[in-house]
Amino acid sequence: MKVKKHRRLTLKERIQIETLLNENRSKAYISKQLKRSRSTITREVNKLVGNTNDKYDAHLSHWCAKDDYLNKRNLDKISTYKP
């Protein structure tokens, strides 16, 4: 069986990100621990944390990612194509 090159972050990985961020670990350190790209971790955190007062929430992030994935698969989209 062929292993996929790109895979989505799991809830377990997101919880690890949240835990390590609460321990004030750097995104580079987190990426090494999870064996993921630093840009993947940075994008994941920056999606929810827009302000320095905001905290990363793993469950909210996972729910948003799942919702985005399901919305991409929706076949009832309105077409923006104009001939």
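These notes cover the fold, confidence, core and charged contacts of a predicted model.

1. Basis. Because this is a predicted model, local features are taken only where pLDDT is at least 70 and side-chain atom pairs only at pLDDT 80 or more, while totals for chains, interfaces and linings use all residues. Residues are numbered from 1 along each chain as its sequence is written, and side-chain values use heavy atoms, with hydrogens and water left out.

2. Confidence. The protein chain averages a pLDDT of 81, and 80% of the residues score at least 70; pLDDT is the predictor's confidence in each residue, from 0 to 100. Helix α2 (residues 27-34) has the highest confidence, at 93, and α4 the lowest, at a mean of 81.

3. Fold. The protein chain has four helices and zero strands, in the order α-α-α-α from the N terminus. Helices (H or I, at least four residues) and strands (E, at least two) are DSSP runs, numbered from the N terminus. Of the contacts between residues at least 6 apart in sequence, 48% join residues at least 24 apart; contact means heavy atoms within 4.5 Å.

4. Surface. The accessible surface of the protein chain comes to about 7,300 Å², and carbon and sulfur atoms hold 52% of this. Areas come from the Shrake-Rupley method with a 1.4 Å probe, and for residues only the protein chains shown count as cover. Buried residues make up 18% of the 83 residues. Buried means under 20% relative accessible area, exposed over 50%, and partly exposed in between (1.4 Å probe, protein chains only).

5. Nonpolar core. The largest nonpolar core has nine residues: L9, I17, L20, I30, L34, I41, V45, Y56 and A58. Helices α1 (11-22), α2 and α3 (38-48) each supply at least two residues of this core. A nonpolar core is a set of buried Ala, Val, Leu, Ile, Met, Phe, Trp, Tyr and Cys residues joined through side-chain atoms within 4.5 Å. Leaving aside neighbours within four places in sequence, L34 is in contact with E13, Q16, I17 and I41.

6. R14 and E44. The structure holds four salt bridges, each a side-chain nitrogen of Lys or Arg within 4 Å of a carboxyl oxygen of Asp or Glu. One of them pairs E44 with R14, with the closest N and O atoms 2.9 Å apart. Since E44 lies in helix α3 and R14 in helix α1, the pair ties together parts that are 30 residues apart in sequence. Both residues are buried.

7. E44 is buried, at a relative accessible area of 3%, whereas K47 counts as exposed at 57%. Salt bridges that share partners join R14, E44 and K47 into one network.

8. S61. This residue is found in helix α4 (residues 58-72) and is buried, with a relative accessible area of 4%. The side chains of S61 and R14 make a polar contact of 3.4 Å. A polar contact is a pair of N or O atoms within 3.5 Å; within protein, one must be able to donate a hydrogen and the other to accept it, and residues adjacent in sequence count only if both atoms are side-chain atoms. Not counting residues up to four places away in sequence, S61 touches R14, E44, L48 and Y56.

9. E23 and R25. Their side chains meet in a salt bridge of 3.9 Å, N to O. E23 counts as partly exposed at 45% relative accessibility, and R25 counts as partly exposed at 38%.
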